[in-house]
Amino acid sequence: MLIASQLEPTYARRVYPCFDEPAMKATFNIRIVHDPSYVALSNMPAIDVSEMKDENGSLWAVTTFNTSLKMSTYLTAFVICDFDYVTRTERGNEIRIWARKEAVKNGHLDYALNITGAIFSFLEDLLNVSYPLPKTDLVALPEFGAGAMENWGLVTFQESSLMYLPSHKFTCRKAMIAIIVSHELGHQACEILRHFFFLSKWFGNLVTMKWWNDLWLNEGLASYFEYLGATFVEPKLSLDKIFYDHVVQPVLRDDNEIGFRSLSEREDRINGSFSLMSLFDSITYNKGAAITWMLSGFLTEKLFIRALTSYLKEFSFSNANQDDLWTHIQMVVDAQDEVQLPASVKQIMDTWTCQNGFPVLTLNLTTGTISQEQFLNKKNESSTDSYNNTWIIPISWMRNGSSQPLMWLDKSSKVFPEMQVSESEYDWILLNVNLSGFYRVNYDQLNLKRLARLLENDPKAIPAVSRFQLIDDIFALTQFGYIQIETALELTKYLAREDELFIWNTVLLHLIPDDLESTLKNYEVYPLLKKYLLKRMSPIYNYYAGFIRQNVDALEDDYFAQVYLEKLFTTACWLGLQDCLNLSSELYARWMDNPEVKIPFLIRRTVCCYGVAMGSDKEWNFAWEMYNHNESTEEDKDMLLFAMSCAKESWLIYRYLQYGLSHTLSSSNCTSVIIHYVVTKDTGHRIAWEFVTENW
């Protein structure tokens, strides 16, 4: 048995009578009466454990906790469990990490314990603010809907977010965590980042937003610290790439789709139009983080941290809104003369937080003109009607490989004489270098031709994050009707020389969307795509296939291999690359001969799928046998359910669907999972439809 609370945003009122608003802060005296064989935890340290009898004569334990600091109701918390813990003290702050006894015994929490103290010290030093509590408990919960929650002094996590299994080299736990608030964030994030994220939110506990419409202040700032701190704890991770790949790019995609809301909404709109819970989405978390990065970028990190320190000191144990933050930043900007802004901090930032969406910049290199408009789907007529938003936009740029001074676009269009290019095809311009601003860029044909040529001759002349952004922007512009697909494909000709997996992942995301695999094969575009992509994918595929065959452990520190290698291999096999199909068959056959010899974790879904696809009923039956094996984990089972849907023979697929109906599979939703997997395959597409109609 286990009890754990989750009171954000408005559930404290279900536990005790209170004015359940973030601005109404109080101190709390908490006492919990519980079964004596369990331990009770809350925000503060326990100061007394006594016994009492109820009217039936049963014995109960009574745990009384120290009076809390002044804080919001949603941060009060309690856990009653029979867990064990590991502990250490950092600068007088006792840190305990609680989990199931066997997990503690097996050392699964040691990694989290090692980095937690370092994180606290780093944040204290950075912001010159002391952590105000005497202890911090982190609890790993086997089931937890919220992903993680930054209750002050009692941070709760899903187990997978805190546990690192020393034996699992390739579970990527150290670099990656199960998705937090998965449907809203929609991306997998770095474990250390996520760990940092929840520990760094005690700044949000110290200074809370006045109301939920400024929730992004808590989340955006925490994401910023998450990044700084994680770089400190794990310098080997290429965190700039991870940040743009996991945070900025997904929200640039979402921000056109999520019901057009701004980061900071008017209170009356939240009460009237949508629920509080809907604010816990990727706009709040990811756009909040991206806007904070942009702000820190044009201010410089030094000034930004200075302003934050002053803001935290003034509003400790009370509440603030975004204007309070702008005021403190303005004070710091006014006190120096190195950084000059084109308008007040509030005027600049309100264009990013109070308007929905984001801009696309269009560049004409012959005249040096840059114009801005809201990025909208031009194919959808209703979406382009009424928006004439403009932003005050910081433009970082480079010319022919050398960085130029920051420029500002503060109206709908402006001429920058220094951006006019000469006749020479070696004269090129790149805007929004390293994705430092939250916008897309639409270059004119002249510059695109020059960039495409440059990429073919020397891809490294453009920084990796900028190559990633060029590709993502150009396909997004195609999708939304700004440019033709031919223009976008010009920029992909160089890909045989691209060795960054996270860039390849973006290319594949745009050219082969997951939901199109079964339909794409039925069209004449498939052989063209196959010819075009395989020629360009071969070098990077061969590079990684070498590791898979000879020394897969060497990829242990390659974060993007752990996240994206599967997609690359799946695509290579799907396009019929013979070596990929052979490798899958070899590795699968080796596993069949000796189930102790595991398939490399990084590509096991692909190997099992194509091992079954290239084989006969013998290979399929082995997958079914392993699926029913007692020691298979949930992850294994899902992977095998997927693999069995890859069979190429119709009768095997049909038998599989029948099994899904008749066998007592481990959980009741397997039938729908099997149908879902079968329907996405070219062989199974039609069979699944017939099966569903027959067995309706």
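These legends describe close-up views of parts of a predicted model. Local features are given where pLDDT is at least 70 and side-chain atom pairs only at pLDDT 80 or more, while totals for chains, interfaces and linings use all residues. Residues are numbered from 1 along each chain as its sequence is written, and side-chain values use heavy atoms, with hydrogens and water left out.

**View 1. Helix α15, residues 464-479.** Helices are DSSP runs of H or I with at least four residues, numbered from the N terminus. The 16 residues of α15 reach 23 Å from the first C-alpha to the last, close to the 22 Å expected at 1.5 Å a residue; the expected span is 1.5 Å times one less than the number of residues. α15 is mostly covered, with 15 of its 16 residues buried (under 20% relative accessible area with a 1.4 Å probe, protein chains only). Just after α15, G481 has a positive phi of about 85°.

**View 2. Helix α8 (residues 239-254) against α15.** The two axes come within 11 Å and cross at roughly 20°. Axes are lines fitted to C-alpha atoms over the stretch in contact, and angles run from 0 to 180 degrees between N-to-C directions. α8 and α15 are therefore roughly parallel to each other (angles under 35 degrees). Their crossing is right-handed, a term for a near helix turned clockwise from the far one by less than a right angle. On the α8 side, D240, K241, Y244, D245, Q249 and R253 meet A464, V465, F468 and D472 of α15; contact means heavy atoms within 4.5 Å. The residues of this contact divide into four nonpolar, one polar and five charged. Asp, Glu, Lys and Arg count as charged, Ala, Val, Leu, Ile, Met, Phe, Trp, Tyr, Cys and Pro as nonpolar, and the others, Gly among them, as polar.

**View 3. Helices α12 (residues 322-334) and α13 (residues 345-353).** These helices pack at an angle of about 140°, with their axes 9 Å apart. The crossing of α12 and α13 is right-handed. α12 contributes Q322, D323, W326, I329, Q330 and V333 to the contact, and α13 contributes V345, K346, M349, D350 and T353. Five of the contact residues are nonpolar, three polar and three charged.

**View 4. T683 in the loop between α26 (670-679) and α27 (684-694).** T683 is buried, with a relative accessible area of 19%. Leaving aside neighbours within four places in sequence, T683 is in contact with A647, K648 and S650.

Conventions:
Helix = DSSP H or I, 4+ residues; strand = E, 2+ residues; numbered from the N terminus. Buried < 20%, exposed > 50% of the residue type's maximum accessible area, 1.4 Å probe, protein only. Parallel < 35°, antiparallel > 145°, perpendicular 65-115°, else oblique.
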